[in-house]
Amino acid sequence: MKKNKALTQIATLVILTSAVTGCARFQDRAKAQGDFDYQEVTLIDKYDSGTFSTVENRSSFEIPTLTEQQNQFGLMGADVDVRPPSQLMPVLDGVLLDSDLSETKVWFNAFKQQVDTQLTVWDLALEYLAYKNSTPVNSNIDTLTIDTGPVITERSYGSISTNTYHEEGVYKLQIEKGTDDRSVSLVVDAKRYEALNDGEEIKHILKGRTKRNIEIRFINEMLQFAYVKQQSEALQAANDKPLPIKLGFDDNHQTAWIIDSEFIDVWNKLPSLLSLMSFKPVDNDKNLGYFLVRFVSQDEDYWSERNLNPIDLEEGEYFVQLGDLTGDDTSLTWLDSDKKPLSGQQVTELYLSITDNIRSVILENDQQTKPL
């Protein structure tokens, strides 16, 4: 009976040790030093645990400092980095990581010959450093080298129990043109790096796998910055582009405006056009795809100042109904307050009220007809 109790205590201790290991906080998991390839680890001999669960002594698991009692049972532990190696985040087209492990190099490939990729990468590096409030110690456009100042990044982990991870690195950046004149490489060399977890220093040996991981993380942060900037510029360009409207028919063969844009783009841009045409917002429902608006008559000066032809429509409420068409087009149907379609002539006159300067629509083989 006593023997069974003792064995039960040993088993409980082994389970408890595993649980504590799995719940180790970030600062316990990140104390690794040196290189470690978790995929090529060689297991060392197991210790004899009798007929109970086998816990292997291996250098592929980092566990907290063992207690004296755990040491007495023969458990062993070592500080190693079990995190997978950092990988390039290719969020931009044509970006590849060089396979040469002697340096951290990423390639930018241009698909348009008129693009100066070398200058583009140079500008990207400087814009990213400015975004990080890091003033370069040296930047030489003739040699395409940049010696950065301190680049600081802070991240928070956890929800109930949070901790702040602070990184600060200094890097040398070297840009070179490839042999094909369409590829440009960026080499990132970490010169200094330190990390603090809730103010406690985490030691790093700046070489091998650890150094490469730090450099790839720097590249990923820069690529993420470039991606967000690219998406923001594309969105702004789309917002500035007028809706490409032409006359046509909806799925019910009713006279309608046909807009060569997706529903969401039309939904976002249409209110400003309706406002310009003196339709005041009353209500809308995105799920049902309609705007309820009220038309207010205006004098000649109003239309002239807004570069519109006068709209001759009875004052009152109207529904503007949007619908999806094949080919990502959107139909716009005009309805009165009773949801009856306006006549084809009324829809055409509303269309012709928008002058060519406002519509700015150029079809592939024909330019939209200007109103007479």
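The model on display is predicted.

**The whole chain**

Of its 372 residues, 38% count as buried. The chain exposes about 22,600 Å², of which carbon and sulfur atoms supply 49%. Among contacts between residues at least 6 apart in sequence, 53% join residues at least 24 apart.

**Helix H4**

Next, select residues 117-131, which form helix H4. The 15 residues of H4 should span 21 Å at 1.5 Å a residue, and this agrees with the 21 Å between its end C-alpha atoms. Within H4, highlight Thr117, Val121, Trp122, Leu124, Ala125, Tyr128 and Leu129, which are buried. These residues cover an arc of only 160 degrees around the axis, and therefore lie on the same side of H4. Turn the view to the face of H4 directed away from that buried side: the exposed residues Ala130 and Tyr131 are found there. Then select Asn133, which follows H4 and has a positive phi, near 55 degrees.

**Strand E7 and Ser185**

Proceed to residues 183-197, which make up strand E7, and select Ser185 within this strand. Is Ser185 buried or exposed? Its relative accessible area is 1%, so Ser185 is buried. Now display the residues around Ser185: leaving aside those up to four places away in sequence, Ser185 touches Lys105, Val106, Trp107, Gln174, Ile175 and Glu176. Finally, draw a distance from Ser185 to Ile175; the two are 10 residues apart in sequence, and their C-alpha atoms are 5.7 Å apart in space.

Notes: Residues numbered from 1 in each chain as written. Predicted model: local features only at pLDDT ≥ 70, side-chain atom pairs only at ≥ 80, totals over all residues. Heavy atoms only, no water. Helix = DSSP H or I, 4+ residues; strand = E, 2+ residues; numbered from the N terminus. Buried < 20%, exposed > 50% of the residue type's maximum accessible area, 1.4 Å probe, protein only. Contact = heavy atoms within 4.5 Å. Areas by Shrake-Rupley, 256 points an atom, 1.4 Å probe, with all protein chains shown as cover. Expected span 1.5 Å × (residues − 1). Arc of directions from axis to C-beta.
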